[in-house]
Amino acid sequence: MIVLNSSDGATFEVEESVAVQSQTIKHMIEDNCADTSIPLPNVNGVTLARVLEYIKKHAEAKDDEEGLKSFDAEFVKVDQASLFEIILAANYLDIKGLLDLTCQTVADQIKDLTVEEVRAIFNIMNDFTPEEEAKLRNDHAWAFE
Amino acid sequence: MAERNPKCLKASFFPQHDQNPSEKSAMRTEPIKANLSPASADDNCKEDRFSALPDHILFNILSFLRTKEAASTSILSTRWRYIFLDLPKIDLDDYELVNTRRFRGDESDDCYHDVMGELEEKFIDFVDRLVMHRESPLSEFHFSCGCGCLTDQTIVVRSWLSSVLSRNVQVIDVRVKFYGGEFWGPEVFPSEILTCETLVVLKLDGNVSLKVPKLLCLPNLRVLHLDTLTLLGDSTGSTLKWNCPLLDDLRIDLVIFCDVGLVDINLPSLTKLVWASEKDKVVLNTPKLECLEYRFYESILSSNCKFKFLTKADLRCEYPDALPEHLAHELCQLFGQLCNVKHLDLRGCSLESLLREDHLLPEFLNLTHLVLKWTWIGSWKFLEILLWSAPNLEMLVFELMRQFDMASGIHLHCGAKEKPHCLSQHLREVKIMEFVESHQLGFEIVSYFLKHGAGLQKMTIYHSRTSPTKWSSSTRKKLMELSRCSRNCEIVLI
């Protein structure tokens with residue numbers, strides 16, 4: 001069993017065979033940095049718990065394609081802030097499947113929206129001057145057809 | 001500034017709660033997939049966590065969008081301005097060019113051509129910026145030009161491809177369709193494409209031509225699909241050789257070879273081959289082949305090796321009449337090399353000519369599934385010979401009408417003659433298609449399998465599709481009452 005420490009002091013126990021889905025943790029184990037426990041200063045407790053839920057499910061139900069698909073669909077039904085936390089954690093822990101799943105989720109959300117709608121939903125501030133924006137729209141004219 | 005977004009997002013912002021139905025349907029055709037739960041007043045009020053993500057994660061997210069959509073993110077804010085230009089994957093389709101909201105008229109409209117001309121210009125401009133003026137490497141280039149747009153722009157398309165090739169690209173997937181033009185189609189694909197060191201997947205499809213070098217040297221290539229192209233050799237007609245040590249999947253479909261001599265397919269790693277092009281003098285040297293789909297017409301390829309790992313072979317003969325002597329002989333040779341196969345499909349071939357030279361017929365020891373559709377069987381004895389050579393056969397599919405010479409005798413139960421071993425051992429399912437009620441041969445054949453198939457579990461008989469009536473009750477009765485060796489055998493009439 002491997003012990004993981006989140007940034008806010010929570011500890012989690014997980015089987016090594018499951019934990020190595022994270023390439024980061026895998027390398028730490030291989031480099032013998034995992035004597036007592038592995039510190040993960042970039043991931044808070046709540047997010048780490050979610051990530052562990054994902055990798056545990058994907059380890060145990062490896063061959064159940066249908067089951068994993070519906071698990072994944074439910075897994076990403078979280079609020080915006082949590083989704084981005086999971087993305088950053090998946091990136092830091094280097095878990096490709098989780099990173100792709102969460103990135104695809106964000107992509108699906110912006111897919112059919114206008115630029116204004118995307119800005120609104122993600123609180124993106126438009127810091128272009130009207131002239132700059134007009135020039136950009138003209139330079140890449142076809143993208144805005 | 002009109003663009004400033006509201007200070008706080010309330011739950012009511014999300015469109016499906018707020019807008020009235022008619023407004024909503026004008027904006028998009030499907031409802032928003034709101035995986036996001038509505039933000040509370042304090043929650044995401046100030047933070048733009050999206051833009052705060054590092055570049056490579058933004059690339060990952062945008063890579064799930066088509067290039068056109070990804071490009072529109074460039075005006076979200078200054079942070080986003082150049083992101084899409086460095087995306088490692090380009091995915092464009094000229095269908096998007098045609099299918100724009102602005103175009104509402106029809107082709108006879110005067111302004112149609114102006115609108116299309118303008119759009120085409122913008123499209124070319126856009127791709128130029130993306131492909132020609134970029135510095136970052138490009139890993140995938142997907143481009144589909146199936147609507148015939150850019151017919152007059154073959155030089156432009158070619159320049160894009162040359163530029164893409166110079167950027168360590170790994171995947172090229174291009175489909176073009178041009179109207180008019182020269183006989184072989186314009187040379188849109190630069191010939192350096194066939195000597196590119198970084199390519200892993202290459203798919204080219206289009207009524208265009210491509211000059212082939214004497215040696216196709218693609219050291220990292222795993223997948224090569226060429227469709228509809230014309231390959232132009234030099235006029236010396238020298239041998240076309242391949243140096244693609246990692247090539248696993250090759251497809252040559254409706255490709256025309258012009259001025260190309262012998263094609264020597266020496267591919268040590270090839271496992272999947274689809275060959276559906278007319279070319280004489282083709283030699284296969286593909287010892288690891290597992291899956292073969294071969295459509296032939298007037299020339300037969302030859303093989304230097306028996307395919308030890310072949311599991312599936314799908315032969316389709318498109319020659320309209322009986323094959324001439326020399327071709328039939330070559331086909332028999334090839335047929336003999338397929339002896340290790342598990343699944344065999346012989347469409348359009350003639351069993352009669354394949355088995356004529358039965359000294360060449362090998363034993364198909366691994367054959368479990370045999371499909372004979374539109375296969376001319378001729379006489380029952382040929383089918384029986386084939387059954388003898390496949391002692392482990394488990395499933396057999398063949399057709400009755402037009403596949404047998406109905407005039408030949410129907411002597412299927414000649415005395416105490418021994419029956420093929422597969423019948424008593426492994427054969428568990430038989431499907432007979434195109435059953436004609438009026439001919440005795442059908443009943444004889446069905447009876448043969450039922451009587452001798454000790455392990456038979458299911459016999460499915462499909463009524464002939466050209467006959468006006470369906471199964472008559474007397475035929476049903478007759479078939480159901482035939483004696484069965486295997487008591488569990490189910491008979492299904494469709």
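Modeller: Start with Cys489(B): at 4% relative accessibility, Cys489(B) counts as buried. Buried means under 20% relative accessible area, exposed over 50%, partly exposed in between, with a 1.4 Å probe and protein chains only. Bear in mind that this is a predicted model: local features need pLDDT of at least 70, side-chain atom pairs count only at pLDDT 80 or more, and totals for chains, interfaces and linings use all residues. Residues are numbered from 1 along each chain as its sequence is written, chains are lettered from A and ligands numbered from 1 in the order in which they are written, and side-chain values use heavy atoms, with hydrogens and water left out.

Biologist: What is the predictor's confidence like for chain B?

Modeller: Mean pLDDT is 82, and 83% of the residues of chain B reach 70 or more. pLDDT is the predictor's confidence in each residue, from 0 to 100. Over residues 1-44 of chain B the pLDDT is below 50. Beyond near neighbours in sequence, that stretch has 60 contacts in the model, where contact means heavy atoms within 4.5 Å.

Biologist: What ipTM and pTM does the complex get?

Modeller: The predictor gives an ipTM of 0.93 and a pTM of 0.82.

Biologist: Switching to chain A. What span should helix H5 have?

Modeller: H5 of chain A covers residues 80-93 and should span 20 Å for its 14 residues; its end C-alpha atoms are 20 Å apart, which agrees. The expected span is 1.5 Å times one less than the number of residues. Helices (H or I, at least four residues) and strands (E, at least two) are DSSP runs, numbered from the N terminus.

Biologist: How many of the residues of H5(A) are buried?

Modeller: Ten of its 14. Among them are Phe84(A), Ile86(A), Ile87(A) and Leu93(A).

Biologist: What caps the N-terminal end?

Modeller: Asp79(A): a side-chain oxygen lies 3.2 Å from the backbone nitrogen of Ala81(A). Just after H5(A), Asp94(A) takes a positive phi of about 55°.

Biologist: What does Thr47(A) touch?

Modeller: Glu85(A), Ile86(A) and Ala89(A), not counting residues up to four places away in sequence. Thr47(A) lies in helix H3 (residues 45-60) of chain A and is buried, at 4% relative accessibility.

Biologist: What covers the buried residues of H4(B)?

Modeller: The cover includes H5 and helix H6 (96-110) of chain A, together with helix H3 (49-52) and helix H5 (67-71) of chain B. The buried residues of H4(B), which runs over residues 55-62, are Ile57(B), Leu58(B), Asn60(B), Ile61(B) and Leu62(B).

Biologist: Back to phi. Where is Leu254(B)?

Modeller: In the loop between strand E10 (249-253) and strand E11 (256-258) of chain B. Most residues other than glycine have a negative phi. Leu254(B) is exposed, at 55% relative accessibility.

Biologist: And where is Asp259(B)?

Modeller: In the loop between E11 and strand E12 (263-266) of chain B. Asp259(B) has a positive phi of about 60° and is partly exposed, with a relative accessible area of 44%.

Technical notes: A polar contact is a pair of N or O atoms within 3.5 Å; within protein, one must be able to donate a hydrogen and the other to accept it, and residues adjacent in sequence count only if both atoms are side-chain atoms.
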